[in-house]
Amino acid sequence: MEKLYRCEVCGMILAEGQLEDKCPKCGQPKEKYHEMSEEDAEKSRRSDYTNDLHMELINLLNQIEDISNLGIEDNLDPSCVNVFKRAKAHASLLKQYSKAEIAGHIAKGKW
Ligand SMILES: [Zn+2]
């Protein structure tokens, strides 16, 4: 497995082959990068895909909210508007679930 390094200033994580003279995010010298323990690196690698899935889910839920807003605005009849309002509320709630999960991952080094 390729070693991972974390910038102690901004938290940016890079693979060994990506290290440059300065942190690409915060501009600090590369001495601010420290090799992550194998346990921490594995947490980061293991959670990468799941975090991407959460972001994709949030993106789709944003689209559901947008579609719901169009349906509410269209206002064909009350039962349609009710469906769109419920879809919007569910999408909003599910987005919060995913955001809370991502926040939990970050707190545990899973990012
Ligand atoms: Zn940095």
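Modeller: Donors, in the sense used here, are N, O and S atoms within 2.8 Å of the metal (3.2 Å for Na, K and Ca), and since water is not among the atoms, sites may look incomplete. This is a predicted model, in which local features need pLDDT of at least 70 and side-chain atom pairs count only at pLDDT 80 or more, while totals for chains, interfaces and linings use all residues. Residues are numbered from 1 along each chain as its sequence is written, and side-chain values use heavy atoms, with hydrogens and water left out.

Colleague: Which residues are the protein donors of the zinc ion?

Modeller: They are Cys7, Cys10, Cys23 and Cys26, each through its SG atom, lying 2.3 Å from the zinc ion. Along the sequence these donor residues follow the spacing C-x2-C-x12-C-x2-C. Cysteine 7 sits in strand E1 (residues 4–7), whereas cysteine 23 sits in the loop between strand E2 (13–15) and strand E3 (33–35), so the pair ties together parts that are 16 residues apart in sequence. Strands (E, at least two residues) and helices (H or I, at least four) are DSSP runs, numbered from the N terminus.

Colleague: What is the geometry of the site of the zinc ion?

Modeller: In general, ideal angles at a metal are 109.5 degrees for four tetrahedral donors. Four donors count as tetrahedral here if all angles lie between 85 and 135 degrees. The angles among the 4 donor atoms of the zinc ion are 104 to 117°, and the site is tetrahedral.

Colleague: Are cysteine 7 and cysteine 23 buried or exposed?

Modeller: Buried means under 20% relative accessible area, exposed over 50%, and partly exposed in between, with a 1.4 Å probe and protein chains only. Cysteine 7 has a relative accessibility of 1% and therefore counts as buried, and cysteine 23 is buried as well, with a relative accessible area of 3%.

Colleague: How many salt bridges does the structure hold?

Modeller: Side chains of opposite charge can pair when their charged atoms come close. A salt bridge is a side-chain nitrogen of Lys or Arg within 4 Å of a carboxyl oxygen of Asp or Glu, and the structure holds 4 of them. One of these joins glutamate 8 to lysine 32, with the closest N and O atoms 3.7 Å apart. That pair links distant parts of the chain, since glutamate 8 is in the loop between E1 and E2 and lysine 32 is in the loop between E2 and E3, 24 residues apart. Lysine 32 is partly exposed, at a relative accessible area of 28%.

Colleague: Which residues form salt bridges with arginine 45?

Modeller: Arginine 45 pairs with glutamate 38, the closest N and O atoms being 3.1 Å apart, and its side chain also meets that of glutamate 42 in a salt bridge of 3.2 Å, N to O. Arginine 45 and glutamate 42 both lie in helix H1 (residues 38–74), 3 residues apart, which is about one turn of the helix. Salt bridges that share partners join Glu38, Glu42 and Arg45 into one network. Arginine 45 is partly exposed at 21% relative accessible area, as are glutamate 38 at 49% and glutamate 42 at 34%.

Colleague: Where is serine 98, and what does serine 98 contact beyond its neighbours in sequence?

Modeller: Serine 98 belongs to helix H2 (residues 78–107) and counts as buried at 3% relative accessibility. Contact means heavy atoms within 4.5 Å, and, leaving aside neighbours within four places in sequence, serine 98 is in contact with His54, Leu57 and Ile58. A polar contact is a pair of N or O atoms within 3.5 Å; within protein, one must be able to donate a hydrogen and the other to accept it, and residues adjacent in sequence count only if both atoms are side-chain atoms. The side chains of serine 98 and histidine 54 are joined by such a contact of 2.9 Å.

Colleague: What does serine 68 contact, leaving aside neighbours within four places in sequence?

Modeller: Serine 68, in helix H1, is in contact with Phe84, Ala87 and Lys88 on that count. Its side chain reaches the backbone nitrogen of lysine 88 at 3.5 Å, and serine 68 counts as buried at 2% relative accessibility.

Colleague: Which domains does the domain assignment give?

Modeller: Domain bounds come from an automatic or database domain assignment, which for this chain gives domain 1 (1–36) and domain 2 (48–111). The centres of domain 1 and domain 2, taken over C-alpha atoms, are separated by 33 Å.

How values were computed:
Four donors count as tetrahedral if all angles lie between 85 and 135 degrees; four count as square planar and six as octahedral if opposite donors are over 155 degrees apart and all others between 65 and 115; anything else is irregular.
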